[in-house]
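Please walk through the model below, from its overall dimensions down to single residues. The text starts with one term that the later paragraphs rely on.

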Amino acid sequence: MYKNRIEIIKKHLDIDNTTTTSNNKNGTLEKELFNSIDTNINVGELKLLIDSVEASKYKDATREFIKNHPKFKENFIGLDMASYRQLVLEQCVAIANSGLIHLTDIKSNLHRYAGAVEIFSLYNNNVCTKLGVHYTLFGGTIMFLGTSRHEKYIEDANTLKTMGCFAMTEIGHGSNVRGIETTAHYDKQSKEFIIHSPTPTSEKFWIGGSYLHATYTTVFANLIIDGTNHGVHAFVVPLRCPKSGSMMKGVTVKDCGHKLGLNGIDNGQIRFNQVRIPRENLLNKYSDVSEDGVYKSQFNTPIKNFAATMAPFIVGRMAITKGCSGAAKTSLSIAIEFSHVRKQFGPSANNELPLITLSSQQRRLMAPLARTILFDLYIQRLTNELCQEKLPASIHAHCSGIKAIYSWFCVAALQTCREACGGQGYRSANRIAEFKNDCDIVCTYEGDNTVLMQQLAKYLLGLKEKQTNTTTNRIYLDGEDAKSLLFNFSNIHQLFETREEIRLAELKQIIGNSKESAYFAFNNAIPWAVKLGFAHMTKIVFQNSVNTLRLKNVKPLAHLIMLDALVSIEEDLGWFVSNHLISPNVAQSIPFLIQDLCFEVTKVSKQIIASFDIPENCKPSSKDLISDLF
């Protein structure tokens with residue numbers, strides 16, 4: 001069975017069913033890879049590349065705010081949960097009153113908002129999470145799903161005189177939003193909606209900001225008129241009186257309690273007991289209910305209305321990757337600076353050398369350093385696309401994909417940074433542990449990563465027939481000069497392109513051969529769908545990086561691209577060899593080429609992390625991570 005499947009896929013991809021060794025010559029972009037790295041790095045130029053021209057001034061303004069505002073000089077390590085939540089609230093209020101960001105930025109100036117969130121995540125993920133809930137999620141529903149009748153919420157929310165939260169997730173339903181149980185029955189006599197939690201599992205859960213601070217929440221509930229369920233819609237529901245702060249009638253909020261991380265966020269469990277809200281509190285951009293109870297929608301089915309309702313939240317997924325970016329960059333900077341000053345072992349007992357001279361330390365830190373920067377460059381592209389009047393059809397799938405692969409990568413990178421600092425990385429005072437715990441949840445909130453990869457795979461399956469039937473001779477890297485074969489961006493692109501084509505053809509065949517229903521056919525193929533998602537995202541991140549290099553040959557970008565590309569190949573090396581894309585001889589050279597690139601990038605690692613321009617109060621008090629002990 002499996003042999004037949006492989007043969008069919010092979011015939012699908014190979015026009016003449018032959019393999020050839022690539023004869024592509026190395027281009028001008030790759031030439032510098034064959035020499036020692038130029039250590040004369042222009043830090044300012046690299047900083048502008050990583051920050052982006054569009055967001056640079058906003059990021060610099062945020063850096064200055066973090067450096068100078070007294071609330072960002074207060075110690076949060078070891079705070080009890082109540083004090084931590086209060087500090088994060090005060091920090092967010094300070095940000096709101098600073099003018100650095102505005103509630104409408106999510107729609108009118110995404111570069112400003114996303115840039116600020118990324119820089120705040122260099123400091124602490126609790127701050128950018130609370131900002132995200134209020135500005136991206138609550139603010140996003142007002143801006144993207146509301147109409148002029150909801151503009152009244154903007155002014156006070158912009159300065160946090162009132163705070164909003166986002167009540168979608170329930171105890172019984174997370175990723176499957178269409179399955180939520182909360183109801184919104186329309187009462188024609190009073191012209192009100194009645195928001196209700198009909199079962200214990202319908203209670204909203206993990207609602208950030210709801211337990212202590214939120215005045216309003218956007219509730220996602222089934223809109224029901226005269227027994228007809230029109231599907232999930234969004235409603236603005238007051239949780240507390242804006243003046244007194246007292247809980248509204250019928251609303252009960254419990255504390256979700258202590259968590260693995262993000263304990264500066266007051267997550268709550270909300271139960272609604274026949275809570276009445278005005279008819280106008282329905283966010284009615286796409287659908288509305290008249291006073292006499294007539295439902296009107298721009299769409300002819302609840303499914304299409306639901307899809308339109310969910311569409312704006314792709315911005316939130318992009319914003320979450322900004323939190324990953326900041327945590328990774330600060331933690332990598334801490335680990336790399338520590339490795340340059342911490343001495344351990346050497347050629348003789350009285351000649352200990354810095355950890356960074358160890359090949360293992362170079363390998364474990366330079367590879368994630370490269371990937372962090374390339375992921376950031378790709379997010380710049382997505383941010384620009386989100387600012388377009390007409391969004392590309394791929395935007396939802398790619399925001400889902402980058403959120404998944406960046407957060408998975410971030411969690412792994414933070415563990416690497418922790419281990420690279422030994423026991424000192426375990427101390428909370430040295431910050432990595434806090435980032436590590438806070439970022440763990442990113443893999444499952446705003447979309448479970450495995451589910452997001454399935455969404456990406458379904459998008460790829462749904463595209464019109466890809467050009468797999470017109471693929472030229474399939475690449476096969478074989479020869480004595482492995483370095484020339486691999487230090488070739490065209491060859492790397494062909495490898496990634498071919499892998500995606502094979503993965504796509506394989507997934508199509510597995511689903512097509514199934515005798516079960518469409519649901520179970522795809523369900524049985526989810527592991528292959530996730531692999532297709534990885535293959536696609538690896539390819540487009542690589543493509544974007546090379547395109548950036550062509551436009552802005554900022555050093556050491558070429559080395560970072562090649563390092564990450566070879567690491568990506570090594571992560572799936574058995575597959576490339578078994579599918580006859582790379583010969584065993586060339587495959588054996590890859591770990592050595594990776595190590596050579598790590599050695600070269602290490603030479604400029606201090607300049608690279610300097611280009612991140614991380615405020616000192618985002619990092620431990622000393623680079624050696626031990627001076628505070630004496």
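Two residues are in contact when heavy atoms of theirs lie within 4.5 Å. The coordinates come from a predicted model, and every value below is computed from it.

With that term in hand, take Leu-566. Setting aside neighbours within four places in sequence, Leu-566 is in contact with Leu-486, Phe-487 and Ile-492, and also with Ile-590, Leu-593, Ile-594 and Leu-597. Leu-566 belongs to the largest nonpolar core, which has 194 residues. Within that core, Leu-566 is one of the residues that touch the most other members, along with Phe-120, Phe-193, Ile-195, Phe-235 and Ile-569. In soluble globular proteins, nonpolar side chains tend to be buried together.

The whole chain can be described next. The protein chain contains 22 helices and 13 strands. Its C-alpha atoms fill a box of roughly 85 × 70 × 40 Å along the principal axes. The radius of gyration is 26 Å, which agrees with the value near 25 Å for a compact globule, because that is what the rule gives for 630 residues. Of these 630 residues, 58% are buried. Among contacts with a separation of 6 or more, 77% are between residues 24 or more positions apart.

Two single residues can now be placed. Where is Val-88? Val-88 sits in helix α4, which spans residues 81-98. Val-88 has 0% relative accessibility and therefore counts as buried, the cut-off being under 20%. Beyond residues up to four places away in sequence, Val-88 touches Asn-126, Val-127, Lys-130 and Gly-264. Asp-156 is 68 residues from Val-88 along the chain, and the C-alpha atoms of this pair are separated by 19 Å.

The other residue is in a loop. Ser-197 lies between strand β4 (192-196) and strand β5 (204-207). Is Ser-197 buried or exposed? Ser-197 has 8% relative accessibility, so Ser-197 counts as buried. With residues up to four places away in sequence left out, Ser-197 touches Ser-202 and Glu-203, as well as Ile-270, Arg-271 and Phe-272.

Conventions: Residues numbered from 1 in each chain as written. Predicted model: local features only at pLDDT ≥ 70, side-chain atom pairs only at ≥ 80, totals over all residues. Heavy atoms only, no water. Helix = DSSP H or I, 4+ residues; strand = E, 2+ residues; numbered from the N terminus. Rg over C-alpha atoms; globule rule 2.2 N^0.38 Å. Buried < 20%, exposed > 50% of the residue type's maximum accessible area, 1.4 Å probe, protein only. Core = buried A, V, L, I, M, F, W, Y, C linked by side-chain atoms within 4.5 Å.
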